[in-house]
Amino acid sequence: MSFTRLLRPHAVRAACAALALSLSGLALAEPIKVGYLPVTGHAKFFVAKEQGLFAQEGLDVELVEFQNSADGLNAVVAGKLDVGAFGTTAPVAHISKGANLKIIGGIMGGDAAVITTPENASKYNKISALRGKKIATVRMASGDAVLRGALKDAGIRWKTDVQIFELKNPPAVIEAVKSGQVDAGVVWGPHDLRAEDQGLKVVIHSTDLQPGHPCCRLVVTDTRLKDQATWEKFLRAILKAEKFATENKQQTIDSIAKYVKLDPKLLWRGFCSPYLDQSSDPNVKGVKHFADVMVNSEFIPTKPDLNAAIDSQLYAKVLAQLARENPNDPFWKKLQKEYKQKDA
């Protein structure tokens, strides 16, 4: 006897309807490729994926790993990714060269640091002490641009007064510092903590040099941005992930651990770092200041038109939706207040 014959007719109809709805939902889910870096600062991507928040919004998200912002942003520009979060330096540099990109939100801010050996820690705890030194960075990293801006402010020309070596990723920077190939290095979290665990010292945090600076921005191409409904759903999932991560630390760490293959204790420390800003806000004012620093330090030759390159209204619209849907939840009101401070 078949399984359906064991069921009553109404039960069969209900089961078929449920199956059809499920299959329909799968068919309608919109595929999106999202580029990320394997760091605790990108936790919202991992949470939204693992906790089903992307799926709730009808998105079938594929997370694609990159080791640095330069490679990731190039993939966005080339159309190989739908969206990515690859520092502030990389998108600003591309936009200054005429790339048709739009910043629609953020994933993190701050969280970079200068590291050195224990014997040099007391000597290199000020930017002015780096004159004439060898410094390793990761190409197009936010911390790299912050460092060059700080060098300029200290009267040090980074093109002639120091030697900067652009490496592929933070582990390569750590090894260069440990081996003595360079005097200091710039890494992002949680690799600053990894460096300390390996016997190195953090001597300067990027937020000491540029307080509240933005880091990874959510970037899409102008053409891709035309699908406004897609990005509303995407930002809804990201904002829900921000709230989830605030309220569910252990589940957040479990989600991160599936994509960042480091000791869970290190992930805890990195995720809870006081130097990591986990806001999803576009932070228009912060990005503009960051661009000013890049121009002033001669990292880029001309200031880009960021008024045209940042779409903060999409974020504001989605945030307003969530606030209306949850009128008694102070979390969304807090984010709306921050939006007025950072973007108005």
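Reader: Where is T116 placed?

Author: T116 is in strand β6. Strands here are DSSP runs of E with at least two residues; helices are runs of H or I with at least four, and both are numbered from the N terminus. The model is predicted: local features need pLDDT of at least 70, side-chain atom pairs count only at pLDDT 80 or more, and totals for chains, interfaces and linings use all residues. Residues are numbered from 1 along each chain as its sequence is written, and side-chain values use heavy atoms, with hydrogens and water left out.

Reader: Why is T116 called buried?

Author: Its relative accessible area is 0%. Buried means under 20%, exposed over 50%, and partly exposed in between, with a 1.4 Å probe and protein chains only. The value of 0% is under the limit, so T116 is buried.

Reader: What makes the approach of the T116 side chain to D183 a polar contact?

Author: The side chain of T116 reaches the backbone oxygen of D183 at 2.7 Å. A polar contact is a pair of N or O atoms within 3.5 Å; within protein, one must be able to donate a hydrogen and the other to accept it, and residues adjacent in sequence count only if both atoms are side-chain atoms. The 2.7 Å pair lies within that limit, so it qualifies.

Reader: Which residues does T116 touch?

Author: Leaving out residues up to four places away in sequence, T116 touches A121, Y124, V177, D183, A184, L200, K201 and V203. Contact means heavy atoms within 4.5 Å.

Reader: What makes β8 and β10 edge strands?

Author: Five strands form an open sheet in the order β8-β7-β9-β6-β10, with mixed pairing. Both β8 and β10 pair on one side only. Two strands pair if DSSP finds at least two bridges between them. Neighbouring strands are turned by 30 degrees against each other on average, direction ignored.

Reader: Why is β10 called mostly covered?

Author: Four of the five residues of β10 (residues 201–205) are buried.

Reader: Which residues of helix α8 are buried, and why do they line one face?

Author: In α8 (residues 170–178), the buried residues are P170, V173, I174, A176 and V177. Seen down the helix axis, they fall within an arc of 160 degrees, so they line one face of the helix. The arc is taken over directions from the helix axis to the C-beta atoms.

Reader: What does that buried set pack against, and what flanks the helix?

Author: The buried residues of α8 pack against β6 (112–116), β7 (134–138), β8 (163–167), β9 (184–188) and α9 (191–197). At the start of α8, a side-chain oxygen of N169 comes within 3.0 Å of the backbone nitrogen of A172. After α8 comes G180, with a positive phi near 85 degrees.

Reader: Why is one side of β2 and of β4 left without a neighbour?

Author: They belong to an open sheet of five strands, β2-β1-β3-β11-β4, with mixed pairing. β2 (59–65) and β4 (101–106) stand at the edges with a single partner strand each, so one side of each has no neighbour in the sheet.

Reader: How do you know at what angle α12 and α13 cross?

Author: Axes are lines fitted to C-alpha atoms, for helices over the stretch in contact, and angles run from 0 to 180 degrees between N-to-C directions. The axes of α12 (residues 228–247) and α13 (residues 249–257) come within 6 Å and cross at roughly 120 degrees. F244, A245, T246 and E247 in α12 meet K249, Q251 and T252 in α13.

Reader: What makes helix α3 mostly covered?

Author: Six of the eight residues of α3 (residues 43–50) are buried. They are A43, K44, F45, F46, V47 and A48. Just after α3, G52 has a positive phi of about 75 degrees.
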